[in-house]
Amino acid sequence: EEYYSVRMRAAKNTVLKKGGKHISGGEVLSTYSNIKQSVNALLEKALTHSRGKPDFMQIQFESINESIKLVKPLRVETNEVETVENGKTLARAMLEKSGVPKRIIDKAYKQIPEYSSIRGAILFDIHSGERIDNNSEKGVRVSRIDWLNANFEKWTDENNQPKSSRVKEALAIATKVCDHPSTIAELCWSDDPDYVTGYVANKKLGYQRITRLKEYGDEQGCRIFFVDGVRDLPTYINFLEKKPIFIKW
Ligand code: PML
């Protein structure tokens, strides 16, 4: 069956600032007969977002030529920590366990403040300790992933997890990214000042949530993919941006 990628982006203050302030975004993979419902669901999401009233919104769809791959969600564990310092220490230990050398982790952490204005993900090479995506302010945007709500809810019930759309989206991204053999690990936390839980993900370790990776009030997010052996960068980026994946429990 032919599938379509339906995407939404909403922003505010577009008059004051080019591109505006991000309010909401999302994507679903849809059959042709479901496009109307998909557009509606994304519209609803953008209009009910707590970040405010959008003054700009784009919803678009395009057909997908490639076949869709089904991938099981990574195993999830939550690590409670008391302080950001403890959270950081744990995140570093997990990155090391995933195969990222210590000096590369240090180097990446030093760069994080500089990366804060970048909207997408940073690709960080674990040998050179250099950022290798050449996408400047944009970074890399992982897309073409979806997880049907009914299946996600089945997963939350059977795994004792909260029905959080934030967790759903982040876990879906981490699962896709870690499905590629060149991905060693992902380090991520939100730019939402009210949300301080982040995670380290790796194919073997799974999706390791850490309850404090930054202070409340901090609007600096982070999404770094530690990569190894990316010989053909355009192919790897094409996988992240274009390969359609359905998460299925
Ligand atoms: C979680 O609680 O597992 C989600 C953490 C990362 C959220 C990233 C984001 O919302 O931007």
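Which backbone oxygen lies 3.0 Å from a polar atom of the side chain of Trp189? The backbone oxygen of Gln220 does, a polar contact (a pair of N or O atoms within 3.5 Å; within protein, one must be able to donate a hydrogen and the other to accept it, and residues adjacent in sequence count only if both atoms are side-chain atoms). The model is predicted, so local features need pLDDT of at least 70 and side-chain atom pairs count only at pLDDT 80 or more, while totals for chains, interfaces and linings use all residues. Residues are numbered from 1 along each chain as its sequence is written, and side-chain values use heavy atoms, with hydrogens and water left out.

**Trp189**
- Trp189 belongs to strand β8; strands (E, at least two residues) and helices (H or I, at least four) are DSSP runs, numbered from the N terminus.
- Trp189 is buried, with a relative accessible area of 9%, where buried means under 20%, exposed over 50% and partly exposed in between (1.4 Å probe, protein chains only).
- Beyond its neighbours within four places in sequence, Trp189 is in contact (heavy atoms within 4.5 Å) with residues including Tyr109, Ile112, Leu213 and Cys222.
- Thr197 and Gly198 are also among the contacts of Trp189.

- Strand β9 covers residues 198-202, and five of its five residues are buried.
- Gly198, Val200 and Asn202 point one way from β9, and Tyr199 and Ala201 the other way.
- In a regular strand the side chains alternate between the two faces of the sheet.
- Strand β8 (residues 183-189) runs antiparallel to β9 and is joined to it by four bridges; two strands pair if DSSP finds at least two bridges between them.
- In this pair, Leu187 stands opposite Val200.
- Five bridges join β9 to β10, also antiparallel, and a hairpin connects them through three residues.

**Ligand shell**
- The residues around the ligand (a heavy atom within 4 Å) are Arg166, Val167, Ser190, Tyr195, Thr197, Tyr199, Tyr207 and Arg209.
- These shell residues divide into four nonpolar, two polar and two charged, with Ala, Val, Leu, Ile, Met, Phe, Trp, Tyr, Cys and Pro counted as nonpolar, Asp, Glu, Lys and Arg as charged, and the others, Gly among them, as polar.
- Ligand oxygen atoms lie 2.7 Å from a side-chain N or O atom of Tyr207, 2.9 Å from one of Arg166, and 3.5 Å from a polar side-chain atom of Ser190.
- Taken alone the ligand exposes 340 Å², of which the protein buries 88% (Shrake-Rupley method, 1.4 Å probe; for residues, only the protein chains shown count as cover).
- Helix α5 (165-178) and strand β10 (206-210) are the elements that give two or more residues to the shell.
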